Each structure stands twice: as C-alpha cells, then as structure tokens.
Amino acid sequence: MEKKGALLIISGPSGCGKSTLLKNVYKEIEDYYFSISTTTREPRVGEKDGVDYLFVTREEFEEDIKTGQFLEWAEVHGNYYGTSLKPIKKAINEGKLAIFDIDVQGHEIVRKKMDDKVVSVFITTPDLKELNNRLTSRGTDSQEVIDRRVENAKYEIKYFQKYDYFIVNDDLEKASKELVSIANIARVKSKLFDKEEVLSNWIN
C-alpha cells in the first residue's frame, strides 16, 4: 500500500530531548521532510541559516504574515516563530512525512487547518525537577532564560491531552522506539486516504 504524505507534530518543553529523539527517528524512517521554522531571533553560536532556522528580520516576518505565507506563527519570548507553507505542501504532495517541532499554540493552529493529515506527540521529562536539571547542565542559557523556559513548560504540560500520543523521555532507547513507531504509523492514518477511491478499488 502506498504511504501518503502526512504531518507529524512534536511538542514539548525545551530540554526534554526532542532533538536527540528526532535524530534517531531520521535513521529509521524514509521520505521525511523536517520543517525548519522561520524566526526573528538572533542565531545562537553554531546555528546556520537554512539548517537550524530561517533567520529573517521582524519586518520580513510581518510582511509574510500579511500575505498568508505561514501555516502557523506565534510570538514567543519577544520573537516571532513560524512555519512556511510552501515546502510543506511540496513534501506532502511527494508522499513524505513532514515533521514539525512546534509549541502548543502552533499545534492548535495546525490542527484547525490540516487536522486530517496530522498525528501529534507531546514529549516531556519525568518531572519539572529533571527538566530544570537538563536545562542547567546544557550550559547554553542564562539563569533568566532557564527560568523562563521552566515557566513556559509549566504552561505547556497542561495541554498534553490535546495530542494523540504522550512520551515521557526518561529512557532514551525506549522513547526513541516509541517515536519511531508513531512516525511510521502517521502515514497510514485512515483520513489520509480518499474514501471513494478506496471503496472503488476494493469492490472492483
């Protein structure tokens, strides 16, 4: 059976291990497109435009909002983040799995616009204390930024039941297997298939 193009949304607090888990997913699945966010924030050390994010000015971002170029966008910590529509449509038409790493606000917006193509998963640490430990041990953010991320995590966790799946990343190997399974199942979701076409082919 031909796999269909679909959207896999992954959300969770900064520090829960999303990036590490996704690297393992990429090794196991084929035909995926990782949706790179567009942002107005300054690049961090080592980040590359077009690889980590598409970095644009605030003026450019606001112009694209006006012309409807974003699937979703949000203002977080004083900066804009958004997902451009063009590469996503191309990936879906090619039968690929478009993977998103977006926040709970973005998830809600995408659900409203493209629900039939969406499978979503919320990833988190076992508890808030562990999240704080991971953010601190990374050594990449100031205490002020860490505190803000922790507060944001307290807000985001309240929305986990709006997602199709929930993964607690306390065992990297186990969590990776769970996420790979979800990624594989996303493109055989029944709503992706045309009802009339399926019935016609099945009966005849």
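Here is a short walk through the aromatic pairs of this predicted model and a nonpolar patch on its surface. Residues are numbered from 1 along each chain as its sequence is written, and side-chain values use heavy atoms, without hydrogens or water. Local features need pLDDT of at least 70 and side-chain atom pairs count only at pLDDT 80 or more, while totals for chains, interfaces and linings use all residues.

Let's start with the rings. Rings of Phe, Tyr and Trp (its six-membered ring) pair if their centres lie within 6.5 Å; planes under 30 degrees apart count as stacked, over 60 as edge-to-face and the rest as tilted. By this rule there are eleven aromatic pairs. One of them joins Tyr26 and Tyr32, which are stacked because their ring centres lie 4.4 Å apart with the planes at 10 degrees.

Tyr155 and Tyr159 make a tilted pair, with 5.2 Å from centre to centre and 55 degrees between the planes. Here Tyr155 is partly exposed at 36%, and Tyr159 is partly exposed at 26%. Elsewhere, Phe61, Phe70, Trp73 and Tyr80 come together in one aromatic cluster.

Now for the surface. Tyr165, Ile185 and Val188 make a nonpolar patch of about 240 Å². Such patches consist of residues with over 30% relative accessible area and no salt bridge, with nonpolar side chains (Val, Leu, Ile, Met, Phe, Trp, Tyr) joined within 5 Å and like charges within 9 Å; a salt bridge puts a side-chain nitrogen of Lys or Arg within 4 Å of a carboxyl oxygen of Asp or Glu. Areas come from the Shrake-Rupley method with a 1.4 Å probe, and for residues only the protein chains shown count as cover. Val188 is partly exposed, at 33%.

Technical notes. Buried means under 20% relative accessible area, exposed over 50%, partly exposed in between (1.4 Å probe, protein chains only).
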